[in-house]
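Work through the exercises below with the structure open. Try each task before reading its solution.

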Amino acid sequence: MDSEESGQMETRNEDREDEEREADGIMMSDERELRIELAILYILNVEDYAKGLNCLRGIGSEYISVRNLRAAARALLGDKRELRQLAEESEMGLRELEESISEEQILGYYQCLIKGYAVLDTEQASRIILSLGEYCMERLEYDGGEDNAEVEIRRYMAEALEKIGEFEEAARICEELLKLEEDDSKRDDLYCKTVMLYEECGQKNKAINACVRGIEELSDSEELRIMHIRMLYEDVSVDRAFCAQIKEEYVRQMPGLQENEEFQKLQEECSL
């Protein structure tokens, strides 16, 4: 018996045990709700997916919320089979999911599912992430919520949009994330991602504008300066003398730029 067959048998045995325990009345509704709450905490905040999965032991698989949450935890632990099957079976109905979980747990529950589906890296999973993400944004707007939750959800949505080729919409979300993110390192990554996405959808002017904004804000971003130089040299309508002037100014601002491998490679390719 190979490892995949062994894993499938172990999963079936666990599910059978959970259903038997639920049928025997071992799991009361209050305990079930508490276990789901703890599983969400371990998956979403602690990132201990094994403990999150263990919290769901003893709850029958007839609860669709538990089935999805258990599959998400297993996917985050490396076993993607069950979640992949759920993604392929049908579009997830939000009303059906809502009916099987408490009102207070819905937002965290959907965030766990988004996190799990993100590891599948398929178009169907990306579309599920977008559906769940839009719903989460509605709830955050209606109920209020922490900026950290909004940032994380929007990041997953931007990645999902990129995977299905919706580059301009992904760039728009990155622009929104820049209004929320305060960490300079993460802002640098967001600016670079925004520039790349605008380039992918042919919005060169927006790409350059985003790049320049990032450079003006982040004095130590080598990558943004390299991206700006590259875009200028790739644009045949831009005067070469101006390109050289920008390059020299960036080297003056950051002498260490000359030691950057990407910068050196760019110099060779563009004969700078």
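Helix axes here are lines fitted to C-alpha atoms over the stretch in contact, and angles run from 0 to 180 degrees between N-to-C directions. The model is predicted.

**Exercise 1. Describe how helix 7 and helix 9 cross.**

Step 1. Assign the hand. Helix 7 passes helix 9 in a left-handed crossing.

Step 2. List the contacts. Helix 7 contributes Gln111, Ile114 and Lys115. Facing them from helix 9 are Ala149, Glu152, Ile153 and Tyr156.

**Exercise 2. Find the aromatic pairs and classify each one.**

Step 1. Apply the cut-off: ring centres must lie within 6.5 Å. The count is two aromatic pairs.

Step 2. Take Tyr109 and Tyr110. Their ring centres are 5.6 Å apart and the planes stand at 40°, so this pair is tilted. Both residues are buried.

Step 3. Take Tyr110 and Tyr135. Here the centres are 5.2 Å apart and the planes stand at 80°, so the pair is edge-to-face.

Step 4. Tyr110 lies in helix 7 (residues 106-117) and Tyr135 in helix 8 (residues 123-143). The two are 25 residues apart, and the pair links distant parts of the chain. Tyr110 and Tyr135 are both buried.

Step 5. Join the pairs. Tyr109, Tyr110 and Tyr135 form one aromatic cluster.

**Exercise 3. Is Asn260 buried or exposed?**

Step 1. Locate Asn260. It sits in the loop between helix 14 (240-253) and helix 15 (261-270).

Step 2. Check accessibility. Buried means under 20% relative accessible area. Asn260 has 18% relative accessibility, so it counts as buried.

Step 3. Look for contacts beyond four places in sequence. Asn260 touches Glu222 and Ile226.

Step 4. Compare sequence with space for Ile226. Asn260 and Ile226 are 34 residues apart in sequence, and their C-alpha atoms are 9.4 Å apart.

**Exercise 4. Where does the charged end of Arg225 sit?**

Step 1. Find the ring. The charged end of Arg225 sits over the ring of Tyr250.

Step 2. Read the distance. The charged end of Arg225 is 5.6 Å from the centre of that ring.

Terms used:
Residues numbered from 1 in each chain as written. Predicted model: local features only at pLDDT ≥ 70, side-chain atom pairs only at ≥ 80, totals over all residues. Heavy atoms only, no water. Phe/Tyr/Trp six-rings, centres within 6.5 Å; stacked < 30°, edge-to-face > 60°. Buried < 20%, exposed > 50% of the residue type's maximum accessible area, 1.4 Å probe, protein only. Helix = DSSP H or I, 4+ residues; strand = E, 2+ residues; numbered from the N terminus. Lys NZ or Arg CZ within 6 Å of the ring centre and 35° of its normal. Left-handed = near helix turned anticlockwise from the far one by under 90°. Contact = heavy atoms within 4.5 Å.
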